[in-house]
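Biologist: I have not looked at this one before. Can you take me through it?

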Amino acid sequence: MKFFLLFTFFCSLAQANTLDKIRERGVLLWGADAAGAAPYLFPNPRDPNELIGFEVELAHTFAKELGVAGKQVQINWESLIPSLQKKDFDLSLDGIEITPDRQKVVLFSRPFFVYTEQLVVRKDESHIKQFEDLKGKKVGTLAASAAMEILENLGGVHIQVYESQVQPYDDLVLGRIDAVFLDLPIAEYFGRPNPKLKFLGEPIGEGYYGVAIRKEDVELKMEIDRIIEKLLKNGTLQGIYEKWGIWNKSQEKLLQWDERTSITGLEQAHSEVPLSSFLPTLLRGARTTIFLSCASMGLAILLGLFLTLIRLYGPRPLSDLSYLYIEIYRGTPILVQLFILYYGLPNIGITLSPIAASIIGLGMNYAAYEAEAYRAGISAIPKGQLEAGSALGMTRVHIISRILLPQAIRISLPVVTNDFIALFKDSSIVSMVAMVELTKTYTILATTKMRFFELGLVTAFLYFAMSYPLSFLSRHLEKKMKRGFV
């Protein structure tokens, strides 16, 4: 009997909808990315353990209206909707623009904010006088955003995409880009207070932020809709927005919003397009990945060889420095090294372009590993060969160049090839410094079109197509060099 009751209890839990589960759990789990997301949500400067922002207040108000507590689940912005579908949390709000493509895979609440896009340029900018003047200019924006779509539709704009809302404004001040085009709340928080920047023209474009909810959670959507409408009518929503300085006349449209009308002024023809139409864009990303990987590996091989020779045969201070370099680069995350190169060096007057920072960062990091591979190769050569070379009257340079290095390279070749293949995949990390390579291209397309599976398969195939020839070439070289040494 007890077993039957327990079975019935668990069955009822399994059949309960998300709204019932939230009330039973006593906690509303909402997914969002707090990394560089002011004024939506970000750590309180006075208490980093606390999150603040207008969407934090909104989420907590939702929870309060549901009679539960609210808890944020940290998740990368690009993964918000896939994670929502995986049921990692109950709903998501993080400046998620309501678009037809996203509506195909999730439900959206009635809008809670009307966004527009604001152009920001440097204070002394005189060539850009209107939005159309952005053609031929470098413009920073966020990946997979409505602003990026508007720039693409304008055409002829060199779009530079960023992971965080802070970085484009920093790069604008440094002169790496000509303008920043982002949602007005972001521009109000990061652009307006900066005395080196200015707003250019009136905000353009118009769309809605909504709360993303799983397709099957119709009851939860109806409840969130009811709460938003209540907050609109009693002025709570206006109070939150005024507190954060983002209330404007556009928000008055929220009260007149009708689900039967078009949801966004940015709406375009979002009909299903064939997978092949994405191939040219992915191939451009693959071309960038190949260039970055080859250039970085070339630097890594040369620098790694130099470090090895200095460590093994250089004078003591240089040998110690080489050892220190290898240990530091192997012992610190490559992401930190990239951030120091791209965002840290401008503090001492050195400004690198994204591509220069990417090649130097990857090359210097992999040089440490290559140096160890060459050292291992040289150490594997019997000492008798060196003694024989000396007995024949060969100089140290001749011994190294004609006896040690050819054999060391042959021994190290499998390791170096593996590192090269790994570098192809690790190159995706440079998207953190505004480089758009293959993985970033995939992320942008998949997040915008919500086609993670098919585009993921195509991207994986492209990586395989790039790395497999390396493995084949490595085996061919190994056999050829082995024959040469027999």
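This is a predicted model: local features need pLDDT of at least 70, side-chain atom pairs count only at pLDDT 80 or more; totals for chains, interfaces and linings use all residues.

Biologist: How many helices and strands does the chain have?

Modeller: The chain has 19 helices and 12 strands. These are DSSP runs numbered from the N terminus, helices being H or I of at least four residues and strands E of at least two.

Biologist: And what does the C-alpha trace span along its principal axes?

Modeller: About 95 × 80 × 50 Å. Of the 486 residues, 48% count as buried, meaning under 20% relative accessible area with a 1.4 Å probe, protein chains only.

Biologist: Now the sheet. What is the strand order?

Modeller: β9-β8-β10-β7-β11, an open sheet of five strands with mixed pairing. Two strands pair if DSSP finds at least two bridges between them.

Biologist: Which strands stand at the edges?

Modeller: β9 (158-162) and β11 (197-209) do; each has a single partner strand, so one side of each lacks a neighbour in the sheet. The twist averages 25° from one strand to the next.

Biologist: In what sense do β7 and β10 pair?

Modeller: Antiparallel, over five bridges between β7 (residues 113-122) and β10 (residues 179-183). V120 has V180 in β10 as its bridge partner.

Biologist: Switching to helices. At what angle do α13 and α15 cross?

Modeller: Roughly 120°, with the axes of α13 (residues 316-331) and α15 (residues 354-379) coming within 9 Å. Axes are lines fitted to C-alpha atoms, for helices over the stretch in contact, and angles run from 0 to 180 degrees between N-to-C directions. That makes α13 oblique to α15; under 35 degrees would be roughly parallel, over 145 roughly antiparallel, 65 to 115 roughly perpendicular, and the rest is oblique.

Biologist: Which residues of α13 meet α15?

Modeller: Y325, I326, Y329 and R330 of α13 meet residues of α15 including M364, Y369 and E372. Contact means heavy atoms within 4.5 Å.

Biologist: What about α12 and α13, how do they cross?

Modeller: At roughly 135°, and the axes of α12 (residues 279-313) and α13 come within 8 Å. That makes α12 oblique to α13. L303, L307, I310 and R311 of α12 make the contact with α13 residues, among them L318, Y325 and I326.

How values were computed: Residues are numbered from 1 along each chain as its sequence is written. Side-chain values use heavy atoms; hydrogens and water are left out. Buried means under 20% relative accessible area, exposed over 50%, partly exposed in between (1.4 Å probe, protein chains only).
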